[in-house]
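Let's walk through this one together, a question at a time. Have the model open beside you as you read.

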Amino acid sequence: MTRAKLELGEITHHNIKQLKRLNNVVFPVSYNEKFYKDVLEAGELAKLAYYNDIVVGAVCCRIDQEIGRRLYIMTLGCLSQYRRLGIGSMMVDHVLNYVENDGTFDSIYLHVQLNNDSAIQFYKKFGFEIVETKEHYYKRIDPAAAYVLEKRLRPKTLNGKNEHLSNNNKKD
């Protein structure tokens with residue numbers, strides 16, 4: 001039996017409709033045209049996932065610089081019949097490689113609906129931790145609350161100094 005071919009591909013004007021259809025099936029929320037316009041300009045931060053040349057998943061991220069420099073995973077999803085085949089892991093690995101090669105990110109974060117246990121466990125395998133609960137994050141879906149999951153890439157800073165350096169390296 002031949003092994004399935006898993007790969008990531010660019011999101012372009014020619015295939016953006018596939019992303020829209022995929023998101024409508026995978027996620028309980030709708031995304032507006034601005035989301036898709038931003039995705040087209042995201043380059044390596046937005047990818048379609050292919051299983052034997054069929055679009056079965058996608059990951060879309062953006063850079064958030066409100067608090068430090070963080071990568072926000074806006075969407076990462078896969079059609080249910082293609083889960084547990086390594087597609088989600090391939091997409092997370094792509095994101096992790098991107099931030100590692102860039103070297104300037106403090107963390108990666110995303111929102112997960114409170115009752116989405118499989119997604120929470122999936123991200124925990126990659127070192128993400130629940131750091132916050134947002135009570136009314138989603139509109140028109142139940143439960144409306146979301147966890148914020150974050151993977152720290154470097155220690156939090158205090159006054160521009162790394163926490164782990166702040167007390168240990170003082171000269172007397």
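Q: Which residue of β3 is the bridge partner of Leu48?
A: This is a predicted model, in which local features need pLDDT of at least 70, side-chain atom pairs count only at pLDDT 80 or more, and totals for chains, interfaces and linings use all residues. Residues are numbered from 1 along each chain as its sequence is written, and side-chain values use heavy atoms, with hydrogens and water left out. Strands (E, at least two residues) and helices (H or I, at least four) are DSSP runs numbered from the N terminus, and two strands pair if DSSP finds at least two bridges between them. β2 and β3 pair in the antiparallel sense over six bridges, and there the β3 partner of Leu48 is Ala58.

Q: Which residue takes a positive phi in the hairpin of β2 and β3?
A: Two residues lie between these strands. The one with a positive phi, near 50°, is Asn52.

Q: Which residue of β4 is the bridge partner of Cys61?
A: β3 and β4 run antiparallel and are joined by eight bridges. Their hairpin has five residues between the strands, with Gly68 in the turn at a positive phi of about 70°. Across the pairing, the β4 partner of Cys61 is Ile73.

Q: How many residues of strand β3 are buried?
A: Buried means under 20% relative accessible area and exposed over 50%, with partly exposed in between (1.4 Å probe, protein chains only). Cys60 is buried at 0%, and Cys61 is buried at 3%. Strand β3 covers residues 54-64 and is largely enclosed by the rest of the structure, because its buried residues number eight of the 11.

Q: How many disulfides are there?
A: A disulfide is a pair of cysteine sulfur atoms within 2.5 Å. The sulfur of Cys60 has its closest cysteine sulfur in Cys61, at 7.3 Å, so the two are too far apart for a bond. The count is therefore zero.

Q: Within what arc do the buried residues of α4 fall?
A: In helix α4 (residues 117-124), the buried residues are Ala119, Ile120, Phe122 and Tyr123, while Asp117 and Ser118 on the other side are exposed. The arc is that of the directions from the helix axis to the C-beta atoms. Seen down the axis of α4, the buried residues line one face of the helix, because they fall within an arc of 160°.

Q: Where in the protein chain is confidence lowest?
A: pLDDT is the predictor's confidence in each residue, from 0 to 100, and the protein chain averages 90. Strand β2 (residues 46-51) has the highest mean, 98. The lowest mean, 41, belongs to helix α5 (residues 163-166).
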